Amino acid sequence: MREISLDQLRTLVSVADLGRFSAAARALHLAQPTVSLHISELECRLGTPLLIRGGARVTPTAAGNVLLERARRLLRDAADATDCVRRQAEGRAGRVRVGAPTGVLVHLLPAVLAAMARDYPGVDVDIAIVGSAEAMRRIADGSLDLGFVAMPQRPLEEVQVAHWRTDPMMAFVPAAWPAPKQVTPQWLAGRPLIFNDPSTHMYRQTMEWFAAGACAPRARMELNYTEAMKSLVAAGYGAAVLPLEDPSLDHPGMHVLPLKPRLKRDIGLAHRPPADIDGATQNLLKTLARFRVAARARA
């Protein structure tokens with residue numbers, strides 16, 4: 001014998017609420033024999049009458065009232081479950097695990113997160129501070145959904161990288177230092193320097209810039225946190241080559257000077273193939289695309 005179904009329970013609730021089999025059939029868009037079959041199958045399965053037929057209105061039996069109470073609860077739970085799944089599939093709910101370097105987190109993500117909170121309040125964005133190589137690895141193993149990575153990156157199977165924005169690299173120099181209007185590798189190599197960690201893409205990029213000027217400077221300190229590097233520059237400890245994510249910001253205690261030759265930092269968005277991306281991650285990518293357009297227009 002078949003088990004009780006939600007359709008049968010929905011029919012029972014409709015008949016009890018409307019008082020007639022015919023009215024329930026119209027409300028449920030079912031043939032009246034189908035409504036009668038649902039009720040008879042329930043009564044057969046439970047071995048007891050659930051409705052009192054006859055008279056102007058069908059009414060539930062005592063057993064019917066017991067089942068109705070639980071049927072209404074089950075139907076509400078089923079509707080809630082369906083809505084939760086639909087919201088997840090549409091990207092209106094869920095969680096996106098994001099990997100980002102500190103500069104992106106501090107300067108670029110707050111506006112993106114504000115837009116997500118406004119447009120997709122049911123989506124939580126969890127951020128881990130990671131470098132590009134780790135972000136790529138974690139996307140490949142499934143522990144991150146999206147990563148902000150320096151470009152270019154060594155290809156990894158099942159990880160796609162698309163350009164997001166380009167920022168100029170600048171010389172951050174203590175304000176107390178006499179400095180030229182444009183900073184060359186030769187001028188900067190003779191000063192105390194604060195570099196990124198050698199494992200980072202930015203370190204390699206900076207060293208290639210120095211090498212193109214026939215310079216091989218050594219760092220006074222190596223850090224992986226751009227805001228800490230800027231604090232040390234402002235304190236007069238050394239100069240640093242860093243991206244300028246937001247030109248509107250003031251940098252007290254520092255000169256922010258263009259490099260000669262110019263140097264830029266390209267940021268990409270790394271993620272798994274579209275078929276493997278859930279709705280919440282897709283909506284974050286759509287939001288980021290709006291900021292990518294703004295960044296290109298500004299440049």
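Visitor: Which residues lie nearest the centre of the largest pocket?
Guide: This is a predicted model, in which local features need pLDDT of at least 70 and side-chain atom pairs count only at pLDDT 80 or more, while totals for chains, interfaces and linings use all residues. Residues are numbered from 1 along each chain as its sequence is written, and side-chain values use heavy atoms, without hydrogens and water. The lining of the largest pocket (an open set of 1 Å grid points with protein on both sides within 12 Å along at least five of seven lines; lining atoms within 4 Å of a point) comprises 31 residues. Nearest its centre lie Gly131, Ser132, Ala133, Thr200 and His201.

Visitor: Which element gives the most to the lining of the largest pocket?
Guide: Helix H5 (102-107), helix H7 (132-141), strand S5 (146-150), helix H9 (201-212) and strand S11 (264-271) each give two or more residues to this lining; elements are DSSP runs, with at least four residues for helices (H or I) and at least two for strands (E). With five residues, the element that gives the most is H7.

Visitor: How many residues of the lining of the largest pocket are charged?
Guide: Asp, Glu, Lys and Arg count as charged, and Gly is among the polar residues. The lining has 13 nonpolar and 12 polar residues, and its charged residues number six.

Visitor: At what angle do helix H2 and helix H3 pack?
Guide: H2 (residues 21-28) and H3 (residues 32-46) have axes 8 Å apart. H2 is therefore roughly perpendicular to H3 (65 to 115 degrees), because the two helices pack at an angle of about 110°.

Visitor: Which residues of H3 make the contact with H2?
Guide: Here contact means heavy atoms within 4.5 Å. By class, the contact has five nonpolar, three polar and no charged residues. Phe21, Ser22, Ala24 and Ala25 of H2 meet, on H3, Gln32, Val35, Ser36 and Ile39.

Visitor: How many charged residues are in the contact of H1 with H3?
Guide: Helix H1 (residues 6-18) packs against H3 at an angle of about 105°, with axes 9 Å apart, which means that H1 is roughly perpendicular to H3. Asp7, Gln8, Leu9, Thr11, Leu12 and Val15 of H1 touch Val35, His38, Ile39, Glu41 and Leu42 of H3. Six of these residues are nonpolar and three polar, and the charged ones number two.

Visitor: What radius of gyration does the chain have?
Guide: The C-alpha trace spans about 100 × 35 × 30 Å along its principal axes. A compact globule of 299 residues would have a radius near 19 Å, by the rule of 2.2 Å times the number of residues to the power 0.38, over C-alpha atoms. The chain, however, has 32 Å.

Conventions
1 Å grid on protein atoms, 1.4 Å probe; cavity = no way out; pocket = protein on both sides within 12 Å on 5 of 7 lines; lining within 4 Å. Axes fitted to C-alpha atoms, helices over the stretch in contact; angles between N-to-C directions. Parallel < 35°, antiparallel > 145°, perpendicular 65-115°, else oblique.
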